[in-house]
Amino acid sequence: MTPLEKAKKSETFCIYPWVHQYVGPPGDVKPCCVFAQDDELGSLKENTLAEIWNNDKTKNLRLDLLHGRKPKGCDICWRRENIVHKTHRMDANENLFKEDIYDLINSTQDDGTLPIHELRYIDARWNNLCNLKCRTCGPRFSTSWIEDHMALFDRTLEQVKASGDAYKFSGKTENQLFDELLPHIPYLKQIYFAGGEPLMQIEHYKILEELIRIGHTGSKERPLVINYNTNFTQLKLGKHKALEYWKHFRSLKVNASLDGSHNRAEYWRKGTDWETVVNNRRLMMQECPQTEFKISFTLSWPNAYNLLTFHKEWVHFGLIKPNDISLNILETPSYFGIKNLPTWKKQKITVLFQDHIDWLKKLPHTERVQREFTDAVKFMNSTDNGDQFINGEHFVAIQSKLDKIREENFWQVFPEHLDLKEILQWPVL
């Protein structure tokens, strides 16, 4: 049986280790961005991408996926595949497992070696520069978090730097990752820019400039899809104006990582100015109407109610179409996980979500987003916690202290959750 035949037969096959290397700000190299954080394939601080491409961990991963085995690092997909319609693995296979890479798969050797190192997809996090300090984040992916992290965990700057929780870039030098990726640019079919905040990273603009220079901006004969995950709070870096670059590309999709609206957005993603976000959306519609835009909403229990009003508001004002939103179900930090709520609270949210799904059913072309809301409800209710709030004590310990540091008040911003305050035993600070 050929490697391609094995891939088509395998129930666990994922195309990523044949076409992609994810690189995180600390230099961790993985097959994708959701691969287990403590299970990297290698580090750019120690080896090159080419060396990691065929090291023992990567070769064994390919063999597992070809032979129907479930690698531990892929656990997030295995856990979700019986609950939701589409996982990261399923999405990758749908978009990248095409005839044009069949020969590439068939070149896989018996020990998992892949002689051809031509990346078709890149997700490179050049550094952790970011202008926001979101509640679900930390210094690993945001330099703005460092000061609050020090206050929250009583650490000095020297301790933060020693642990690597400060400004970081992925390679041994700041240019290493860009230099290693440059030869792969002509082969690319997809790029994912995330962060940190990608629109603050000069390397991101340099990649776009190189694509424009070689004429690889997307065509029917030579397709290229560029995806962003951006906080959408700023659209330029010095002289570099994102909208001017975006006009060159045939298929460019902006996924705005917006997890709430108005004061909830400004609390949840600290540093956000909501009026600026709205103005940026209107400017993009005016200057880059051909560029796709979607809200990429990370669903946790604090923002579950606001998700519904936010979605309807932006549809009402014509800033998005009803289908222009996707839901990412948050699992970490676990105390924000919607699955960990008491059952009675889940029942309240279920009713509201079902009402929202009923609203969507009256609108055309909303089947996909209906499924995502349905999947969210199904995922939330996949456990029955009774009256127990799983890891609620961790939520209180960290968020109450962070509220004090930032001079904020969770319950004033999210009054819809006051029914949880008593059982959480929120301290008076």
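Modeller: Two strands count as paired if DSSP finds at least two bridges between them. In this predicted model, E4 and E6 meet that with two bridges, in the parallel sense.

Biologist: What holds the strands of a sheet together, and which residue in E6 is the bridge partner of Ile122?

Modeller: Strands of a sheet pair through backbone hydrogen bonds, either parallel or antiparallel. Here the bridge partner of Ile122 is Ile191 in E6.

Biologist: What is the order of the strands in the open sheet?

Modeller: The nine strands run E3-E2-E1-E4-E6-E7-E10-E12-E13, and the pairing is mixed. Strands E3 (42-43) and E13 (325-329) stand at the edges; each has a single partner strand, so one side of each lacks a neighbour in the sheet.

Biologist: Which residues of helix H6 are buried, and where do they fall around the axis?

Modeller: In H6 (residues 88-96), the buried residues are Arg89, Ala92, Asn93 and Leu96. Seen down the axis of H6, they fall within an arc of 95°, so they line one face of the helix. Their cover includes helices H2 (16-19) and H5 (75-80), along with strands E4 (121-124) and E6 (190-193).

Biologist: Is Asn255 buried or exposed?

Modeller: Buried means under 20% relative accessible area. Asn255 has 15% relative accessibility, so Asn255 counts as buried. Its place is in strand E10 (residues 252-256).

Biologist: What is Asn255 in contact with, leaving aside neighbours within four places in sequence?

Modeller: Asn255 then contacts Asn227, Tyr228, Asn229, Thr230, Lys294 and Ser296. Ser326 lies 71 residues from Asn255 along the chain, with 8.7 Å between their C-alpha atoms.

Methods: Residues numbered from 1 in each chain as written. Predicted model: local features only at pLDDT ≥ 70, side-chain atom pairs only at ≥ 80, totals over all residues. Heavy atoms only, no water. Helix = DSSP H or I, 4+ residues; strand = E, 2+ residues; numbered from the N terminus. Buried < 20%, exposed > 50% of the residue type's maximum accessible area, 1.4 Å probe, protein only. Contact = heavy atoms within 4.5 Å. Arc of directions from axis to C-beta.
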